[in-house]
Amino acid sequence: MTESLSLGRIFGVRVGINWSVLVIFGLITLGLAGGSFPELYPGYSGFVYLAAGLGAGIVFFLSLLAHELSHAIVARRNGVAVEGITLWLFGGVAKLEGEPGDPGAELRIAGVGPLVSVAAAGLFGVVAALLALAGIAELTVGIFVWLAGINVILAVFNLAPAAPLDGGRILRAVLWHVWGDRRRAGAAAARAGQVFGWFLIGLGIFLFVGGAGLSGIWLAFIGWFLTTAARVEEEQAEARDLLAGVRVRDVMTPDPVTVPAGITVAELLDGYIFRSRHSTFPLVDSFGGFAGLVTLSRVKLVPPDQRGSIRAHQIACPPAEVPVAHPDELLLELLPRMAGCSDGRAVVLVGDRIVGIVSPVDVARQFEVAGLRSTPSGEPI
């Protein structure tokens, strides 16, 4: 899930939000301001209810952020790099750049999130009790009661033993410890996630038919998301197994054709693209240093009447945004970085020298070759 707006860094972890956050935030605010709060705590103006709904929604997302930050912080302490955190429609996701090294690390990373949610629920519950004892307005107390309850729900739901939920990660850690096989454990947790997702879909349809309306549709939608995410996770687990031990040098296209950064797009077409079968061209500056990456998709964006005036470096993906790898780096470590403006490509460098390109085609071929090396049972030939 990509971020639409960056919120900066918290404890060194990049935090962003996706536009879909606005959807769930709006539903929470309107649901509280226009339904729950007026029904439970009558006698206030519409403006007060709206302010209460907004406040509750904001604090809820802060507690959700704390949940995801805990995953990221514990992951880093266990040697797993963290790309960042993105809050979106279904809550949040901490994007890890690697895998825990042992079941214990997996358990700690997965288990800390629900613990933080439970702690938040306890804190909000204590605040609600103290405010009630102090005679504070019922609506204010009600905000903290709701926050305590929603964090309990968040913790319980995330503890369901189904990937990609935290409970699924915990299940994978336990099975990994028992079986001694991370891939088998991951596949089992992913299948549990698919079963749980289909259960939620069925329950949502049942509730909708029974008159629950939007609640049933929403539950079925969550089930669909979990089923899809669990299937993707199972495929990723299989991919990690197939690519285990594969180095960048094993898949890269060596000695790519480089292009001077200052030539025009017309010169690029006539001198390079039309005369080769390549679709990706690293740019080099006057000193031979890497100066960007041009792909056919970026060239196509240039109007024909401007090809003689626009320079290659003006349409290139800039060096800072191009994934860079070393030939001896594991391919699994590079794959999460192969996104963005480089169209899924990565440049392979030794020092300042360009020695190769890794493209989606190269990776796809490696998957096919790895599959041919195994029997249907998964054992090497």
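Author: The lining of the second largest pocket is made up of seven nonpolar, six polar and four charged residues. Asp, Glu, Lys and Arg count as charged, Ala, Val, Leu, Ile, Met, Phe, Trp, Tyr, Cys and Pro as nonpolar, and the others, Gly among them, as polar. This is a predicted model, where local features need pLDDT of at least 70 and side-chain atom pairs 80 or more, while totals for chains, interfaces and linings use all residues. Residues are numbered from 1 along each chain, and side-chain values use heavy atoms, without hydrogens or water.

Reader: Which residues lie nearest the centre of the second largest pocket?

Author: On a 1 Å grid over the protein atoms alone, a pocket is an open set of points with protein on both sides within 12 Å along at least five of seven lines, and lining residues have an atom within 4 Å of a point. Here, T253, I357, S359, V361 and D362 lie nearest the centre. Helix α13 gives the most to the lining, four residues.

Reader: Where does α3 bend?

Author: A bend is the angle between axes fitted to the seven residues ending at a residue and the seven starting there. Helix α3 bends by about 30° at V112, with the proline P114 following within four residues.

Reader: Is S117 buried or exposed?

Author: Buried means under 20% relative accessible area, and exposed over 50%. S117 sits in α3 and counts as buried because its relative accessibility is 1%. Its side chain also makes a polar contact (N or O atoms within 3.5 Å, one able to donate a hydrogen and the other to accept it) with the side chain of H67, at 2.8 Å.

Technical notes
Helix = DSSP H or I, 4+ residues; strand = E, 2+ residues; numbered from the N terminus. 1 Å grid on protein atoms, 1.4 Å probe; cavity = no way out; pocket = protein on both sides within 12 Å on 5 of 7 lines; lining within 4 Å. Buried < 20%, exposed > 50% of the residue type's maximum accessible area, 1.4 Å probe, protein only.
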